[in-house]
Amino acid sequence: MRLRYWICKHWAKKLDTRNRDRIPSATFLWTQKYVLSAEFDFFEVEKIIGLHPVSRPPSPMTYADIILPLALPKRAYTYAVPDELFADIRPGVRVEVPFGKNKLYSGVVDRIHTETPDYRTRPILAVLDEVAVVTEHQLKLWDWIADYYCCTLGEVMTAALPSHLKLTSETKLVFNPAYGDDFSELDADEYLLAEAMLLQSEITIDDARKILNKKTVFPVVQRLLLKGVLSLREDLQEKYRPKKVLAVRLAEPYRSNQELLRPVFDELAKHERQLETLLAFLHLSRSRPWLRRQEVLDKAGTSESTLRTLVKKEVLELYEREVSRIAGFEDELVEAGELSTRQRRALTEIQVAFRDKSTVLLHGVTGSGKTRVYLELMREVLLQGGQVLYLLPEIALTTQIISRLQRVFGADAAVYHSKINYNERVEVWRAAVSGKPVILSARSGLFLPFQNLQLIIVDEEHDPSFKQYDPAPRYHARDTAIYLANLYGAKVLLGTATPALETYHNAQQGKFGLVEMPERFGGLAMPEIRPVDLREQHKTKQMQSIFSPTLLESLKTALTNGEQAILFQNRRGYSPILECQTCGWTAQCRHCDVSLTFHKLTNRLRCHYCGYVEQPPAVCPACSSGKVTLLGFGTEKIEDELKIFLPDARIGRLDLDTAGTKSSLTTILNDFEEKRLDILVGTQMVTKGLDFDNVGIVGVLGADQLTRFPDFRAGERAYQLLTQVAGRAGRKHKRGLVLIQAWDPAHPVLQEVQRGDFHSHLQREMRERQEFFYPPFSRLIHITLQHKDEKIAYLAADFLAKALRHSMGKRVLGPVQPHVPRVRNYYGQEILLKLEKSAPVLRAAKDLILKTAEAVTSKPGWGQVRVAVDVDPV
C-alpha cells in the first residue's frame with residue numbers, strides 16, 4: 001500500500017508540473033484512484049492522460065548491446081531501445097549513443113534482448129542505417145580476433161570499419177569544394193551545416209550539434225557524406241592516386257580514319273626520322289590497345305624531339321593514361337591464355353587437394369607463373385556465382401595486379417585498402433555486400449561484408465607485413481583468412497616462393513595441402529648467385545669504397561650491354577653512426593636509445609624511430625675533438641659513391657626518404673621501367689615484387705646484417721629476403737646474375753640461398769627450433785610493458801612476470817629490456833611465454849595474462865603503464 005501511495009504522489013506531481021493545465025480535474029482524480037487500484041499499469045495511465053503514444057512498446061523492456069570503437073574492457077555496453085526506434089533496430093546497424101558525460105559515438109548493434117542489466121541504462125539516440133552494415137559473419141570474426149589476439153572488441157571494430165562508419169563527437173567535417181555552393185537540393189538541417197562549413201572550411205561534430213541546436217546530428221552528417229557535400233578530415237590525409245604515364249595516339253581526324261594518313265606519308269618522305277617514328281607507332285598499335293611514349297621511341301630508335309615534332313604537326317598526340325606499375329610479386333603476369341603443362345598440373349593438384357583440405361599451400365619458385373594458376377581458380381569460382389578475396393601484404397603492390405584482374409574479369413574486380421579515398425571505400429564496401437565477385441586488398445579486406453565468399457588467395461603468405469603490429473588488434477592476416485574461410489565454408493590458397501616455416505610444417509603434417517612448382521615459367525633458368533668474400537677483398541686491399549671489384553666490373557658490363565641493375569641494402573640514410581674517434585662519443589636520439597642516422601641530402605641527423613632531427617656537430621660535444629667520423633653505409637651513400645665510380649650511369653634510389661608518397665614511388669619505378677635510370681638502389685622495397693625485364697644484375701651489399709639480427713627468425717627472414725631480391729634478376733629474356741657481398745659467405749643461410757636449396761634450409765632451421773622449443777613446435781605470446789619511468793616499467797613487468805610464473809612456471813621468460821630499451825621516451829620491458837601446442841594451455845595463459853594485466857594497471861601509480869599482448873608474434 002505504501003508503494004502505491006508513493007506512485008500516486010509521483011504521478012500527481014508529474015501531472016501537476018507537466019500537464020495540469022490541460023488535464024481535467026476529474027481525470028486527475030480518476031488517475032489517482034486508478035493508480036491506487038490493484039490493476040495499476042503505468043502505460044495505461046500515460047496513454048489515458050495523453051503522455052504516451054498509442055502504440056505499446058514490446059514488453060518486457062527491449063535492450064541492445066552496442067559495440068563502441070573504444071578500447072574498453074567490456075565486450076559491449078547495454079542501452080535501452082526507445083519505442084520509436086524499435087522497428088529500426090537490428091544486429092549490424094549503427095546507432096548513435098551517449099557514452100561518458102558529454103561524448104557521443106556511433107556504435108554497432110551486437111545483440112537485441114530483454115535481459116535487464118544491473119545498472120541504469122541510457123537510451124539509444126538514433127539509428128544511422130536502414131540496413132545492416134556489419135554482417136553476422138563479420139561479428140563472429142570480430143569476436144574471434146578479440147578473443148584469440150587478446151584485445152578488446154572495440155579495438156577490432158576500430159580496425160575493421162572504415163572511418164566514415166565511425167563518427168564520434170570529435171570527428172572533423174571538411175567542406176568539399178567540388179560540390180559548389182548550390183544548396184538548393186538540401187533540407188533545412190543539411191543547408192545549415194553546409195553553409196557553416198562553406199564559411200569555416202572545417203567543423204567538428206560538436207560544432208554541428210551547436211549549429212543545429214540538436215543532440216543528434218549523426219543522421220544529418222551521414223546524409224551530407226553520401227551527397228558528397230563534406231568529407232572527414234582523416235579521409236583527406238591520404239588518397240589513392242593511380243599512376244599516370246605519357247602515352248601516344250593518333251591525333252584527329254587520323255584516329256577516326258587512318259586512310260587520311262596517305263598524304264602525311266608523302267609529306268614525311270623527306271623527314272626520315274619522323275617517318276620511322278610514325279611507322280613504329282602504327283606497327284605497335286596493331287597488337288596493343290595503347291602505347292607508351294617510351295615504347296614508340298625504343299621501337300623507332302629516335303629521340304623525343306622527333307616525336308614532339310609529329311605532335312606539333314598534329315599527326316600524333318601525347319596524353320596521360322592511368323596505368324599500374326608494380327608487378328604481382330615474383331610472378332610474371334602473362335595473358336590468361338593457355339596454361340603450360342606445369343601450370344595445368346598444379347591446377348589439377350590444387351583442385352584435388354581442395355576435396356580433402358580447406359587450405360592448400362602453393363610453393364612455386366620466383367617466376368613460376370603462380371598468378372596464372374590463381375586466375376584459373378578465380379574463374380571457376382566466378383562461374384559458380386561466388387566471391388574471391390585476393391590478399392597482398394603491401395598496399396603499393398595492388399596496382400598492377402588489379403589492372404591484370406580487370407583485364408581478365410572486367411568490372412567484376414575491385415581494389416580495397418586503407419589509402420583509397422572515401423567514395424571508393426564506400427563503393428567497394430557496398431559492392432562486397434552486393435556480391436562483387438573479385439576483391440583485391442591488403443589485410444584490411446578481411447573485414448569486408450562478403451555475401452558468398454568461396455576462395456581466399458593469400459599471395460606471398462610468408463611476408464611479415466601480413467602481421468598487424470600497432471595498434472591492436474595485432475592479428476595475422478594469413479591466419480585470420482583461414483578462420484574467415486571457415487565461417488563461409490570457403491577455400492584458402494597460400495602462395496609463395498619462400499614459405500613461412502610454420503606454413504610448410506603444417507603442409508608436411510597434413511593440415512594443409514601442398515602443391516609444388518619447382519621451375520620458372522617457360523623453362524627460364526634461375527639466376528646465377530655468387531658470393532663475394534669481403535674479408536678477402538679487404539685483406540688484399542681490392543675494395544673500392546664499399547664496392548668489390550667484382551661488383552663494379554659486373555655493373556660496368558651490364559651497362560655496356562644496355563642492361564639495368566638493382567643494388568639492395570636494407571638500411572636507408574647515408575650513415576647510421578656518427579662517432580668521435582678520440583673519446584668514442586656517438587650521436588644519440590634525445591627520445592630513444594638509438595644512434596642518429598646521418599642524411600647527406602638534408603645535412604641532418606635523424607632518428608628513424610621517433611623522427612627527431614638535429615644538426616650534425618662540427619666537433620665532438622663531449623671532448624671538443626674534430627675527429628668526428630661517419631661509420632657504416634646506407635642507400636644514400638651507395639648512390640653517392642656510385643656516381644664517383646660510374647659517372648655516366650643514371651642512378652635512382654628507392655627507400656622511404658625518396659618514395660614516401662605513392663606519386664614519388666611510381667615516378668621512380670616509371671623512370672626505371674622506361675630505362676631513364678640504369679641503376680636502382682633501394683631497401684627491401686626493391687624486393688617487393690618488382691618485375692623489370694631488363695635487369696641483368698642484382699647486387700646485395702651488407703648481407704651479414706640480415707643473418708646476424710638477434711631473433712630466432714633471422715635465418716628464415718634472411719633466406720626469404722635474399723631469395724626474393726635474387727628473383728628480380730633475369731626474369732624474362734636471359735639468366736640473371738646476383739652478387740652477394742658478405743663478410744661470412746660460408747654462413748649456412750647464404751650457402752642455401754646460393755644453391756636455391758629451400759629443403760636444406762628448412763631441415764636445418766627445424767632442427768634448431770625443435771631443440772630450443774620455438775614455433776612450429778610451440779606457441780609464443782609476447783608481452784611488452786612501457787612507461788615513462790624506467791623503474792615503474794621494470795617493477796610492473798616484474799610483477800606481471802611473477803604472477804604469470806606462479807601458474808605457468810618455466811613457460812614464462814623475462815622480463816628483459818628490448819633491443820631498443822627506450823622509444824619516444826617510453827622505457828620498455830618484454831616477457832615471452834613459450835607454450836605447448838595445447839588449446840587448454842593457450843586459453844588458460846590468455847585468461848591469466850588479461851587478468852594480471854588489469855591488476856597491473858589498477859595498482860596505484862601504475863595506471864599509465866602500457867601493456868601490449870602479441871599472440872603468435874612474427
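Student: What do buried, partly exposed and exposed mean here?
Tutor: Buried is under 20% relative accessible area, exposed is over 50%, and partly exposed is in between, with a 1.4 Å probe and protein chains only.

Student: And what sort of model is this?
Tutor: This is a predicted model, in which local features need pLDDT of at least 70, side-chain atom pairs count only at pLDDT 80 or more, and totals for chains, interfaces and linings use all residues. Residues are numbered from 1 along each chain as its sequence is written, and side-chain values use heavy atoms, leaving out hydrogens and water.

Student: How many helices and strands does the protein have?
Tutor: There are 29 helices and 34 strands. These are DSSP runs numbered from the N terminus: H or I of at least four residues for helices, E of at least two for strands.

Student: What share of the residues is buried?
Tutor: Of the 874 residues, 54% are buried.

Student: Where does Asn825 fall, and what is its phi?
Tutor: Asn825 is partly exposed because its relative accessible area is 31%. Its phi is positive, about 70 degrees, although it is not a glycine. Asn825 sits in the loop between β32 (822-823) and β33 (826-835).

Student: Which loop holds Cys150, and is that residue buried or exposed?
Tutor: Cys150 is in the loop between α4 (136-148) and α5 (153-160). With 9% relative accessible area, Cys150 is buried. Its phi is positive too, about 55 degrees. Most residues other than glycine have a negative phi, and most peptide bonds are trans.

Student: Speaking of peptide bonds, which ones are cis?
Tutor: A cis bond joins Asp470 to Pro471, with omega about -5 degrees, and the bond from Gly814 to Pro815 is cis with omega near 15 degrees. Pro471 lies in the loop between β16 (453-459) and α18 (477-488), whereas Pro815 lies in strand β31 (residues 812-816).

Student: New topic: how many residues are in the largest nonpolar core?
Tutor: That core has 112 residues. A nonpolar core is a set of buried Ala, Val, Leu, Ile, Met, Phe, Trp, Tyr and Cys residues joined through side-chain atoms within 4.5 Å. Trp142, Ile456, Ile781, Ile783, Leu785 and Leu833 touch the most other members. Apart from it lies another core, of 31 residues, including Phe409 and Met517.

Student: What does Ile783 touch?
Tutor: Leaving aside neighbours within four places in sequence, its contacts (heavy atoms within 4.5 Å) include Leu800, Leu804, Leu833 and Val867.

Student: How about Leu555: where is it, and what does it touch?
Tutor: Leu555 is in helix α21 (residues 549-560) and is buried, at 1% relative accessible area. Not counting residues up to four places away in sequence, Leu555 touches Ala565, Leu567, Leu642, Leu646 and Ile697.

Student: Is Glu765 buried or exposed, and which residues does it touch?
Tutor: Glu765, in helix α27 (residues 758-772), is buried with a relative accessible area of 3%. Not counting residues up to four places away in sequence, Glu765 touches Leu501, Phe712, Gly715 and Glu716.
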